[in-house]
Structures are given as structure tokens and as C-alpha cells.
Amino acid sequence: MPSNPADKQPRPGLSLTLKIDDAVVRILSQHLKSSRVSAFENGKLAGGGKHCPILQQQIDPLESWIERETADGAKIVLLGDFNRNFWHELRGPGPVRTDFGSPAAARSSGALSNSLFEEIVDGMPPASALRMLEEHCDTNEAGTLLCGLSEIRPLDDAERSLLASQNYLGCRNAVGLDHILVGSAIEELGPAQHVIIKNFGDNASGSAVDGSDQLLAISDHCPLIAKLKL
């Protein structure tokens, strides 16, 4: 957005087009701006604050990419760190738009969006329809339960800390921000899985004078992986 200062620009995505046999596969990986992540925790996109204008500006480019890249029948994968809990958007209270308009219609002047997912995946045109893969955590029974609960309601501090601990997933932002969306021509071979990284999600200063035993976390997120039949 040219009118935004440098530190308030929406982030670009990385797109890749593959030809597999006779099929065209288009993949977009992105990392959206953040700070308002849940529709249940004062996280509506249309809320106040300095982050909301940037969040709103990310909707149209994403939706345009989906509609443009699916127009010729290509197979589509959209994935990455959305910094939004799409499960909460689907289950959250209130309308998709502040004017109660349909997300499949043109947005009226002044109307804001409360749900990024429902805006970019509105089913119109029909070829642009995407679905979100189910997300599982292959930990113990308690971790699997917490992963499921995180899609229904916000986890409290104790629950988040437990899921982020090394005996569970090991990453600070364990669930709710990363998603994989696919087009109708792609078949998933099971749910997406949050990968356990254990102590690789922690920084450690170490004690060696030369710093040789310092550890730098590979990420504050756990990888989300899925097997797809293209």
C-alpha cells in the first residue's frame, strides 16, 4: 500500500507454479501481519487500534490471488502463518462484515471485515472455493485434547504453556495461527499435523565463554505438514 509508512506495509507472499504431469499446481506461502489473532479475544479485524487497517488491507490481495489463479482450473494450495485463528473466525460471534453484507458481494463504502477466512473463501466464483485442512497434534492424550479445544475457544495461559512445553509440542505459538487451504481438485491424505520440535523451540544462553553451547530456537511456531494427492 503506497500510502502506508514502511513499517506498516502488508507483507508480500511467495508464489510457485508447478506443472505435474498435465496439471498446473499453484502454491502461495505467506506470513500476514499480526496482533489480533482471535475473534473471541477482542480480535475482530474491524476493531480499533493501529493494527486493524493493515489487517483489512491484506484481505483484497489474498482474495484476488485466489480468484485469479483458480480461474483456469489450476490446483491451488494456500498456506503459511496467517496470524489469525481461522477456526475462531468460523465459530466467532457477529457478522462477517460490519454492514452485515455478504462476503461474496462487493464491499460497500466504509464496511469492514471481521473474518479474513470468510472473506477470502466466500465460494464466489465457484472455482475459487478452498477448504481448510483439519489440524491434529500427535502428542499424548492431553495434548491432543488441548489442540482440539484450541479450535473451539482460546486456551488459557496454563493450557498454552503446557502445549508449548518440551514434553508436548515445544513451540511458543503451538496452534491456531498456521493453516493449510486447498482447492477442490486436491485430495488430502489425512489431516495436517503440528510437528513436535521439543527443545528446538527454546533459546538457551549457555555457559561456555565462547558461546559454543548457545541454542537459538528454530521458530516460535511448530511446522504444520500435510500429505496431498495432486
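The accessible surface of the protein chain in this predicted model amounts to about 12,100 Å², and carbon and sulfur atoms account for 55% of that area. Of the 230 residues, 41% count as buried. With regard to charge, the mean positions of the 21 positive and 30 negative charges lie 4 Å apart.

The protein chain comprises six helices and 10 strands. Its radius of gyration is 19 Å, close to the 17 Å given by the globule rule for 230 residues, so the chain is as compact as a globular protein of that length. Along the principal axes, the C-alpha atoms fill a box of roughly 60 × 50 × 40 Å. Among contacts between residues at least 6 apart in sequence, 68% join residues at least 24 apart.

In soluble globular proteins, nonpolar side chains tend to be buried together. The largest nonpolar core of the present model contains 20 residues, of which Leu62, Leu78, Phe86, Leu116, Ile120, Leu130 and Leu181 touch the most other members. Two or more residues are contributed to this core by each of helix 2 (59–69), strand 3 (75–81), helix 3 (86–91), helix 4 (116–120) and strand 4 (130–132). Helix 2 supplies the largest share, with four residues.

When residues up to four places away in sequence are not counted, Leu116 touches Leu32, Leu45, Ile59, Leu62, Phe86 and Glu89. Another core, of 11 residues, lies apart from the largest one and includes Cys137, Leu146, Cys171 and Ala174.

Note on methods. Residues numbered from 1 in each chain as written. Predicted model: local features only at pLDDT ≥ 70, side-chain atom pairs only at ≥ 80, totals over all residues. Heavy atoms only, no water. Rg over C-alpha atoms; globule rule 2.2 N^0.38 Å. Buried < 20%, exposed > 50% of the residue type's maximum accessible area, 1.4 Å probe, protein only. Contact = heavy atoms within 4.5 Å. Areas by Shrake-Rupley, 256 points an atom, 1.4 Å probe, with all protein chains shown as cover. Lys, Arg positive; Asp, Glu negative; His and termini not counted. Charge placed at Lys NZ, Arg CZ, Asp CG, Glu CD. Core = buried A, V, L, I, M, F, W, Y, C linked by side-chain atoms within 4.5 Å.
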